[in-house]
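Subject: Structure handover

Hello,

Here is the structure I promised to pass on. My notes on it follow below.

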Amino acid sequence: MSFWHSRTGTGNQTGNQTGNRVEEVDPAGALALARQGALLLDVREPDEWRAGHIDGSAHMPLGALDPGRIPAGVPVVAVCRSGNRSGAAAAALSAQGHDVVNLAGGVTAWHRAGLELVTDEGEPGQVR
């Protein structure tokens, strides 16, 4: 059984041109997964990351995505601004054997849910 099967999800799936499908989670589900040890992987561009990101998340822009740099056996929640780029990242990671879900709506949904974004300096962040 996958890590995700017993976790909160939206019931939706996303994919990319290759047909790889991955489950999506809402912000509450992503937060719960992170608290249980999942890696929040932000695939946005550096300027978007600097403007604000989920505290404790890792940054690897989609253009530099390297599945080999993601620890094996660690569940991943892929994150971007709206869920599109992270959906592509999640599909690519899934195709390489990673246990991964996509944050539906990205950091925009996270922020709208009242969850905090931070800058590298620990100040309140914003969605860019």
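I return to Ser 86 below.

Please keep two points in mind. This is a predicted model, in which local features need pLDDT of at least 70, side-chain atom pairs count only at pLDDT 80 or more, and totals for chains, interfaces and linings use all residues. Residues are numbered from 1 along each chain as its sequence is written, and side-chain values use heavy atoms, with hydrogens and water left out.

Overall layout

The chain has 4 helices and 6 strands. Helices (H or I, at least four residues) and strands (E, at least two) are DSSP runs, numbered from the N terminus. Along the sequence the pattern reads β-β-α-β-α-β-β-α-β-α. The chain holds 128 residues, and 43% of them are buried. Buried means under 20% relative accessible area, exposed over 50%, and partly exposed in between (1.4 Å probe, protein chains only). Contact means heavy atoms within 4.5 Å. Of the contacts between residues at least 6 apart in sequence, 58% join residues at least 24 apart.

S5 is covered on both faces. Val 76 and Ala 78 are buried on one side, Val 77 and Val 79 on the other. Why two sets? In a regular strand the side chains alternate between the two faces of the sheet.

Two strands pair if DSSP finds at least two bridges between them. S3 and S5 run parallel, joined by 4 bridges. Leu 39 has Val 76 of S5 as its bridge partner. S5 also pairs with S6, again in the parallel sense, over 3 bridges. There, Val 76 is partnered by Val 100 of S6.

S5, H3 and S6 form a right-handed β-α-β unit. A crossover is right-handed if, with the strands pointing away from the viewer, the path from the first strand over the helix to the second runs clockwise.

Helix H1

Which residues of H1 (residues 27-35) are buried? They are Pro 27, Gly 29, Ala 30 and Leu 33. These residues lie on the same side of H1, because they cover an arc of only 160° around the axis. The arc is that of the directions from the helix axis to the C-beta atoms. The face turned away from the buried side carries exposed Ala 28 and Arg 35.

The buried residues of H1 pack against strands S2 (21-25), S3 (39-42), S5 (76-79) and S6 (100-103). Helix H4 (106-112) is also packed against by them. Just after H1, Gly 37 takes a positive phi of about 110°.

Ser 86

Back to Ser 86, which sits in helix H3 (residues 84-95). Is Ser 86 buried or exposed? Ser 86 counts as buried, at 0% relative accessibility. Leaving aside neighbours within four places in sequence, Ser 86 contacts Val 43, Ala 78, Val 79, Cys 80, Asn 102 and Leu 103.

Salt bridges

A salt bridge here is a side-chain nitrogen of Lys or Arg within 4 Å of a carboxyl oxygen of Asp or Glu. How many are there by this rule? The count is 3.

One links the side chains of Arg 44 and Asp 42, at 2.8 Å from N to O. Arg 44 is buried, at 0% relative accessibility. Asp 42 is buried too, with a relative accessible area of 2%.

Another joins Arg 81 and Glu 48, with the closest N and O atoms 3.9 Å apart. This pair links distant parts of the chain: Arg 81 is in the loop between S5 and H3, Glu 48 in helix H2 (residues 46-51), 33 residues apart. Arg 81 is partly exposed at 38%, while Glu 48 is buried at 7%.

Glu 48 also meets Arg 85 in a salt bridge (2.8 Å, N to O). Arg 85 lies in H3 and Glu 48 in H2, so the pair ties together parts 37 residues apart in sequence. Arg 85 is partly exposed, with a relative accessible area of 24%. Through shared partners, salt bridges join Glu 48, Arg 81 and Arg 85 into one network.

Best wishes
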